[in-house]
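Dear colleague,

I am handing over the structure below, and I would be glad if you kept it open while you read the notes that come after it.

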Amino acid sequence: MIETRDLSKQFNDFWAVDGVTISVQPGQILTLLGQNGAGKTTTVRMLTALLKPTRGWARVAGYDVMSQGDRVRASVGVLTEQHGLYMRMTGIEYLDFFGRIYRLSAKARESRSDYLLNYFGLSQAASRRIGEYSKGMRQKLALARALMHEPPVLLLDEPTSAMDPESARLVRDEIARLRSSQRTIVICTHNLAEAEILADKIAIIYRGRILMVGTLNELKQKVLGTAEYEAKFSSAWRGNGFNLPNGVTLIERRDMSLRFSVENPSEANPLLLHSLTDSRAPLVAFQEVPRSLEQVYLKVMADAQAPSAEAVHAG
Amino acid sequence: MLADLQMVWLVAQRELRDQFRDWRILTPLIVLTLSFPFLMNQVAHEAVGFFSRYGTTLIADRLVPFSVLIIGFFPITISLVVALESFVGEKERGTIEPLLSAPMQNWHLYFGKLLIGILTPLVASYASIAFYLAMVSHQRLQMPSVYTLTLLFMLTTAHAVLMVSAAIVISVQSTSVRAANLLASFIIIPVALMMQGESVLMFWGTDKVLWLAIVAVVIMAGLLVRLGLSHFEREYLLGREFDSLNLRWMGRTFWGSFRGESKSLFGWYRFEVRKAMRQLIVPMLIVAGIAVVGYWLSYHWVTVNIPKMLSDATPSDYADIIQDARQSVGLVQANQHISALAIFANNIRVTFLIFLGGIVSFSVLGVMTYLINIGLIGTVLGIFKLIGVSPTLLFLAGLLPHGIFEIPALMFASAIVLRIGAVLVTPQIGKSMGQVILELAADWVKVFFGVVIPLLAIAALVEAYITPSILFAVLPK
């Protein structure tokens, strides 16, 4: 579990992170989204007890980052922004080295190395120097290092960058598997599609401050308004005798389709469908109008960068 | 403890493996190890032949030990490259962050890297020396004694520790190998000067004098290790302030510390200077102790050793000694006058020397300069005692009037330098090295300009216009 309150970090007179409050439960993935220099890496470094917070506190896996740094680090698997591999070591030597740092027994080191190298398809290259690896292979090896000691908390910075689609899928599957084994996971990424697939919660960070945090649906509702649904018909339908349930508004009428704004889809959608079928609508499809995380992110960033918001931020 | 040592060795082992797979480190190491003994042997051979032709053996006797010192030193210069590569190289390539994210103590990492930074070049250095000695043994050159060789091996080891620990200090403050290489001149130049000094000791001193060099290098290396360790914090290693010159922040930090909350000169003295002076209580006690010991040692040495010298002296030597002693306390001829400005400038020069010596040696050279000045007082009083003038009378009439101001000024100037050295080698939690240095600089400026300069100005006036009159009135003509 990760919990922070007012977590802040100042470098000289610059606040890199300012009042970050988040909570990530075991079995949850939080994705931190933000521009370069927004404070994602500094936040992760504070959660790894690499940097001491200037203000506020954080507990990671039950340990205080200020006073129990070593325990925090032993409980965390970190994939850093730069993969940080030793180019003159072989893959197997590298994993063994970190296994020893994390005080794993020789047997555990061997079995974990074998499993991870095999899982990420690196077994064939295990005895080659890392300098000879491709970018994707290096990224996979760095991820294997982060998983070597089976940490309860994972902090992953761009886990699928530089990977081919197949490998990226493999890594996403592994992250999803780790979530199901009750790991607490924080991912920093610019890959919005990936965040959309993986994240249970999304936090958008800008100039060291969390602008918004919540589930994907919560963010969509907050930023883009209520969800929109579209009913498509096999032939032109005028909608005679059709009653709208409470919380549903008709926002667009066409010959072959109707579009609705729905405040509470889980309650209103069954009633809406019931009403449509009762009115003998030639319904062939009913679906949510797609609204991506990208739209949410761009809207939030545009609002944050608007002159009035800048003035508020500066104030 | 065993687990800790295993962790240190684990770091060292990885570094070692890395070094042996890096031809950029191995090649110069092998070349220097093998080529220099040949070169030096050839030079020694030629030099011995040259001096023998003129019947001289003095230099030749010392040539082999000198060559051992030089041969041992060259492979050690690689330690600088190894250490910079090991620390800054890791930072630059981003490989240090996964290590720092692991559950190891800062000192595991520090000593692991220090060990291997020293070990490989040192092994090369020993091999080089052994290679040279093997060549020497097959010629008609005089082999150094085991005692001398032991001293030389110790000195070589101390050099390696000194250079690597200095390189680590530099590495902590740099984010790129390029920047670290530029800063490395701060190691190379002093070490080159030190080597010259040691060479002088080798040729004109005795083996015993080499102990002084060993002790001095070990002290410096120890302080550098302490400094490196105290700033070898994850926070500093990942900090973002390095390599960028933020003049605005520097100015604000310095000014904030210098001016504090004060609104006027009176307020500045009342709060800021007072605060800085309060921090000098312990350093003042130490420099007072040093003064007592320094004074007593010099006075005792003079009164025990000088009588023999005086008995052997010619009338001309005797006059010179007296004249030197008189000038040391500013006692010139009755018709001569030293201006207050000259005295003031001289004392400023001394206190500034204490500062300069102190900042390049964690206060050691600064305190030594202070000790020499205090020792001078003991020497002069001792000499006057030998020529029949009461040292108490001389102290009261010739030193006390201006010494009341001058000696405390000297002590404050030394105490602040001592504090600077102590703070630098002590961990300052939550502060970057830049911030610590700027705050210390502000404290020094407060003490120097707020206390030392005014005291020295008063002392100079008293020494120029009052002390001579008192002295000439009470001293025998």
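Predicted model: local features only at pLDDT ≥ 70, side-chain atom pairs only at ≥ 80, totals over all residues.

In chain A, six strands make up an open sheet with mixed pairing, and their order is S7-S8-S9-S4-S10-S11. Strands of a sheet pair through backbone hydrogen bonds, and they may do so either parallel or antiparallel. The edges are taken by S7 (76-79) and S11 (209-214) of chain A, each of which has a single partner strand, so one side of each is left without a neighbour in the sheet. From one strand to the next, the twist averages 15°. Strands S8 (residues 153-157) and S9 (residues 184-189) of chain A run parallel and are joined by five bridges, and A:Leu154 stands opposite A:Ile185 in S9(A). Helix H5 (residues 135-147) of chain A lies across S7 and S8 of chain A, and it runs at about 165° to S7(A).

In chain B, helix H6 (residues 146-172) packs against helix H8 (residues 185-204) at an angle of about 155°, with the axes 9 Å apart. Angles over 145 degrees count as roughly antiparallel, which means that H6(B) is roughly antiparallel to H8(B). The contact is made by B:Met163, B:Ala166, B:Ala167 and B:Ile170 of H6(B), together with B:Phe186, B:Ile187 and B:Val191 of H8(B), and these residues divide into seven nonpolar, no polar and no charged.

Lastly, 22 residues of chain B are in contact with 25 residues of chain A, and the residues on the chain B side divide into eight nonpolar, five polar and nine charged.

How values were computed:
Residues numbered from 1 in each chain as written. Chains lettered and ligands numbered in written order. Axes fitted to C-alpha atoms, helices over the stretch in contact; angles between N-to-C directions. Helix = DSSP H or I, 4+ residues; strand = E, 2+ residues; numbered from the N terminus. Parallel < 35°, antiparallel > 145°, perpendicular 65-115°, else oblique. Contact = placed C-beta atoms within 7 Å. Nonpolar A, V, L, I, M, F, W, Y, C, P; charged D, E, K, R; others polar. Pairing = 2+ DSSP bridges.
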